[in-house]
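Have the viewer open as you read.

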Amino acid sequence: MRALPLERTPQPGVLRARGIALIRSREATVVAFIVVLGMFLEAVTGRFLAPTNLANVLLNSAGTATVALGMTLVILTGGIDVSVGSMLGVAAVAVGYASAAGWGLGPLVLVGLTVGGLLGLVNGALIGFGGVMPVIATLGTLNILRALTFQLLRAKWISDLPPTLRDLGLGLALGVPISAWVALAMTLVFVYLTTRRPLGRHIYAIGGNIEAARLAGIDLTRALLFVYTATGMLVGITALMYVGQTGIVQSNTGSGFELQVIAAVVLGGTSIMGGRGTVVGSVLGALLVAEIKNGLILLNISGLAEGMVSGVLILLAVGADLLRLRGKRP
Amino acid sequence: MNSFLRFIATDRPRFLILVLALAFVVFALTTAEFATLYNVFNMTQYGVEIGLLALGETLVIISGGGSIDLSVGSMLSLSGVFMGLLTMRVGINVWLAALLGILSGGLLGAINALFVTRIGIPALIVTLGTLYAYASAALVLTNTVPISGLPEHLFVLGQSKVLGVPFQVLMIFIPVALVLHVALRRTIFGRNLHAVGTNEVAARFAAINVGAVRFWVFTLAGLLAGLAAVVMTSRVASARPDAGVGYELQAITIAVLGGTSILGGEGTVLGTILGVLVITVLSNGLQLASINPIWQLGAVGIVLVVTVLLNQWLARRGLRLA
Amino acid sequence: MDVLIAARQVSKSFGGVRALHQADFELRAGEVHAVVGQNGAGKSTLIRILSGALLADAGQTFYEERPVHLASPKVAQNMGIATVYQDPLVYPDLNAVENIFMGRELRDRVGNIDWRAQQERAVQLFAELGIAPTFLFEPVGRLSIGLQQLVLIAKALSYASRVIILDEPTAILTQGETERLFQVIRRLRGAQLGVIYISHRLEEIFTIADRVTVMKDGEVRGTFEVQAISRDDLIDLMAGQVARAEMQAGRRIEEVILAVDGLTVPPRVREVTFDLRRGEVLGMFGLVGSGRTDIAHALFGITRPVRGTMTLDGRPLTFHDPWQALEQGIAYLPEDRKAQGLFLRLPVRFDLSVAILRWLRGFLGIVNAAQEERNGRDLVAALEIRTPNLETLTNALSGGNQQKVLLGRWLARRPKILILDEPTRGVDVAAKEEIHERIFQLAASGVAVIVISSELPEIMKVSDRILIMHEGQVAAILNRAAATSEALLRAATGERHEYARAPA
């Protein structure tokens with residue numbers, strides 16, 4: 001059948017390349033920022049490219065990147081989770097107690113995943129079943145869990161832990177922190193989920209056009225439960241990294257963590273409105289966030305300024321995305 | 001059960017008075033110093049600050065379209081810091097500094113407003129960003145050290161009495177609440193606000209300037225935060241950079257508890273005031289029972305989640321909020 | 001000749017207003033069956049019932065000769081009935097392949113999505129439509145509406161649909177895209193599918209359809225072989241014989257108050273020129289998408305024209321928002337009173353006073369309650385609005401009374417020009433009469449009224465002149481005398497007439 005003169009005949013190879021290039025465009029921008037910022041920091045301080053410094057950046061980005069994977073899914077559905085910081089606190093307490101009691105690595109991992117998963121499930125239930133707005137539900141759990149963290153610690157803190165988690169937290173493999181390897185592994189899992197599994201694509205559909213998604217028979221509640229629970233489990237893994245890294249669990253552990261994660265996801269190109277974004281972008285965003293934090297330290301700018309920097313970056317990134325979109329789709 | 005639900009739905013104020021009375025009784029019975037005049041006095045002092053924030057939050061949420069302000073606590077911190085710095089480092093007269101502090105709150109709110117109305121970023125994200133940005137700015141400006149040594153004549157605002165009632169209650173909160181009540185119920189601005197929150201499209205077609213309405217509510221929330229900062233600074237005799245931490249949770253909870261619909265279009269000053277009373281009693285009771293302050297926020301978190309779940313449940317049964 | 005889908009004696013009413021009455025319809029395999037009729041004739045109600053979006057009050061639907069209960073769009077879709085709406089229901093950020101297979105992904109043995117198989121199948125589906133899909137990997141939101149439609153048709157094929165319903169598909173397509181769509185439809189027909197084609201573009205119907213069903217006032221006037229009927233016959237059936245309404249006793253029409261010249265409003269309205277006089281009622285007639293509401297929006301400051309001028313009393317008008325339009329004396333009653341007009345959860349008093357709050361202001365911006373009361377009561381009396389009291393919530397009123405409230409709101413403002421967009425849609429007969437009366441009174445008092453309506457009897461009754469829009473341009477301006485229903489429909493469906501100037 002002769003093709004109508006309005007289109008040319010497609011060639012699969014060319015099309016795939018075009019398709020991939022399209023996706024790459026936002027991620028490429030983030031990589032560019034990372035590189036440019038790195039060059040700037042090296043030029044000004046001369047200490048950025050030192051191997052120990054780079055390892056530090058990777059180390060600091062690992063936890064953010066891990067949770068950002070889940071947060072990406074959450075934001076893709078049009079929701080948000082501001083309670084990840086408090087979830088980290090509770091999960092760290094659980095892991096800390098278990099570790100202090102002498103549990104091995106395997107059981108500790110189970111503790112992290114279970115506690116994190118349960119906390120995430122609570123959020124998912126409130127939002128998926130209870131119909132509560134994500135920001136409200138997670139604002140509530142943010143505060144409830146922070147109080148819970150304090151309560152579980154009984155006004156003390158956990159320290160002097162056995163070295164079970166230290167390798168995970170601080171160890172290196174091939175010159176790269178082990179927690180970064182873990183984050184990489186999780187990234188691969190989530191890339192697989194979001195590109196090969198139906199559930200992963202359904203999440204995009206929900207954020208893209210909820211009416212069409214319902215019509216297509218997609219189970220909204222199941223998807224919502226999944227994204228929040230997955231986020232919780234990822235927080236559990238990060239708790240292991242955190243406890244391994246610092247060896248201490250206090251009542252303010254994890255406080256403010258949610259800002260880093262949300263900043264990472266937003267900078268990585270995920271749209272706040274839902275339906276658009278990639279987990280790879282968020283991981284790159286996490287690297288950028290860690291790099292910025294590192295930059296503040298190298299430049300001797302007070303660590304207190306982190307909130308300002310992250311907050312302003314979020315606003316600029318979302319604003320730029322919105323204005324760009326307005327140009328494309330009238 | 002159904003008639004009870006209907007009662008909650010249709011007569012929110014009376015329901016809240018019931019809850020308030022219940023909470024009061026419970027705490028009076030279980031905690032020694034609760035039901036004393038001295039304590040009630042203290043409670044109302046504390047309640048003024050959170051009350052002003054909650055009123056601002058109420059206005060923002062009424063404007064609808066997903067409007068919410070997560071930065072009210074940080075605005076309080078930062079404008080308090082501005083006031084403290086102006087007085088102690090720049091040497092301005094403390095009353096002038098207080099006025100500038102209030103105005104700076106308005107400026108912070110206006111920044112929120114501009115991002116929401118001009119650039120079109122959802123209020124949720126804007127105020128999430130400014131929540132952290134303003135809080136961080138307060139910490140940086142003070143290097144985490146509270147500003148103290150303020151002139152004593154400032155303390156009349158937050159620590160003195162008029163006719164046996166705390167100054168800020170009688171001379172600040174009640175007048176402000178009255179003005180806002182009248183504004184919301186009786187003025188053109190209040191009408192426009194209800195219209196925008198009820199049906200934004202219809203408001204536009206009715207020739208109402210939707211952008212201007214939203215701009216003003218966010219700015220007003222900032223002004224109220226600034227005012228609350230001045231009162232708090234006067235009461236605790238210092239400007240703490242972390243003064244407002246957790247206040248956004250309380251403000252939102254109070255607004256929602258008081259009957260403000262998260263979807264917009266509905267909310268009253270009376271409901272919010274009752275909400276303030278309930279939350280203040282709760283927080284104070286917990287404090288006196290020697291429960292760690294962190295549980296005050298935890299308890300408020302529980303109240304928020306339960307309230308919203310309740311509202312959802314009511315909505316599903318077709319019962320409107322009143 | 002098997003019948004794919006049929007509706008027998010189907011009826012549907014909305015709150016006392018009859019939208020569909022004992023309609024019979026059937027679609028055969030290998031047929032393109034067009035449905036025509038004016039706005040409000042019942043086309044969309046019938047289609048919504050067939051696509052499962054609406055449940056009929058009475059009558060029965062059949063699929064492949066079996067009685068079926070089309071309980072929801074999902075049920076209909078799974079059964080094999082696919083509907084493509086004017087506003088395509090797509091995932092804008094996902095590509096065509098995903099849009100087609102979302103929710104029913106092709107999987108491999110491990111349960112992963114088999115992208116290759118989906119891509120091949122998608123190419124196959126498009127091949128069945130005769131389309132070479134070079135756009136397969138682009139986000140569908142960036143494709144033209146024409147391509148989005150094709151994606152949805154391909155999707156329909158993937159559901160093994162046998163019935164494809166196209167709702168005004170060519171309203172926003174270019175000529176080339178329309179041609180392409182027709183080629184696709186011909187292939188569908190060749191594959192023994194059935195296509196229901198709703199359109200008001202009579203030329204297209206004669207090009208693509210096999211049979212045509214004409215609807216009017218909720219009833220099926222008849223089903224005909226397209227070859228056996230003429231365009232004029234169709235128009236006759238759509239319009240019917242409408243008795244000319246009585247001319248009202250001597251209404252004075254005065255000087256020109258509004259002059260519109262070359263008005264161009266994207267996306268459709270082009271080079272619209274007309275004038276409006278004090279005391280005149282100018283009717284605006286046209287079919288769906290003809291641009292009447294777009295003109296009204298430009299006049300009221302909701303959208304800004306890219307070219308053209310509007311002059312009020314000799315002064316050029318430029319506004320940026322409705323508030324300025326109102327200040328100049330132009331008021332607009334929107335088409336969808338529930339979504340765009342009324343504040344349903346607020347009291348009637350509120351809706352009545354919202355446009356004149358500035359005149360009711362007292363000290364410090366406080367609204368004078370007594371004056372507001374009086375305003376409310378006066379309007380309720382003048383328009384005979386039936387409401388228990390002023391505090392009743394607007395959503396408790398009937399459609400007709402709601403419309404009167406909306407009308408009252410603008411009347412309180414004493415505009416010089418009042419634009420009414422479908423003022424009696426969904427309104428009972430008595431209220432309709434009252435609203436028409438009110439329009440006459442307004443005109444008699446010197447107000448210039450523009451009435452946008454899709455109802456022939458109404459527009460012929462109230463208008464002194466009628467401006468007919470077609471595809472965003474003025475097709476004709478007819479004097480009352482020349483405005484027969486045939487003339488109106490001819491102009492609205494594309495036949496050109498000379499302009500009729502307003503009487504000197």
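Predicted model: local features only at pLDDT ≥ 70, side-chain atom pairs only at ≥ 80, totals over all residues.

Axes here are lines fitted to C-alpha atoms, for helices over the stretch in contact, with angles running from 0 to 180 degrees between N-to-C directions; under 35 degrees counts as roughly parallel, over 145 as roughly antiparallel, 65 to 115 as roughly perpendicular and the rest as oblique. Helices (H or I, at least four residues) and strands (E, at least two) are DSSP runs, numbered from the N terminus.

H8(A) brings A:Leu199, A:His202, A:Ile203 and A:Ile206 to the contact, and H10(A) brings A:Leu220, A:Ala223, A:Phe226 and A:Val227. Contact requires C-beta atoms, placed from the backbone, to lie within 7 Å. By class, this contact has seven nonpolar, one polar and no charged residues. Nonpolar covers Ala, Val, Leu, Ile, Met, Phe, Trp, Tyr, Cys and Pro, charged covers Asp, Glu, Lys and Arg, and the others, Gly among them, are polar.

Chain A has 13 helices and two strands. Some figures for the chain:

| Property of chain A | Value |
|---|---|
| Span of the C-alpha trace along its principal axes | about 75 × 50 × 35 Å |
| Residues that count as buried, of 330 residues | 53% |

Buried means that 20 or more other C-beta atoms lie within 10 Å of a residue's own (12 or fewer is exposed, in between is partly exposed), with C-beta atoms placed from the backbone.

Four strands of chain C form an open sheet in the order S2-S1-S4-S5, with antiparallel pairing; strands pair if DSSP finds at least two bridges between them. Strands S2 (17-28) and S5 (66-68) of chain C are the edges, each pairing on one side only. The twist averages 25 degrees from one strand to the next.

## Reading the numbers

Residues are numbered from 1 along each chain as its sequence is written, and chains are lettered from A and ligands numbered from 1 in the order in which they are written. Local features need pLDDT of at least 70 and side-chain atom pairs count only at pLDDT 80 or more, while totals for chains, interfaces and linings use all residues.

Notes:
Contact = placed C-beta atoms within 7 Å.
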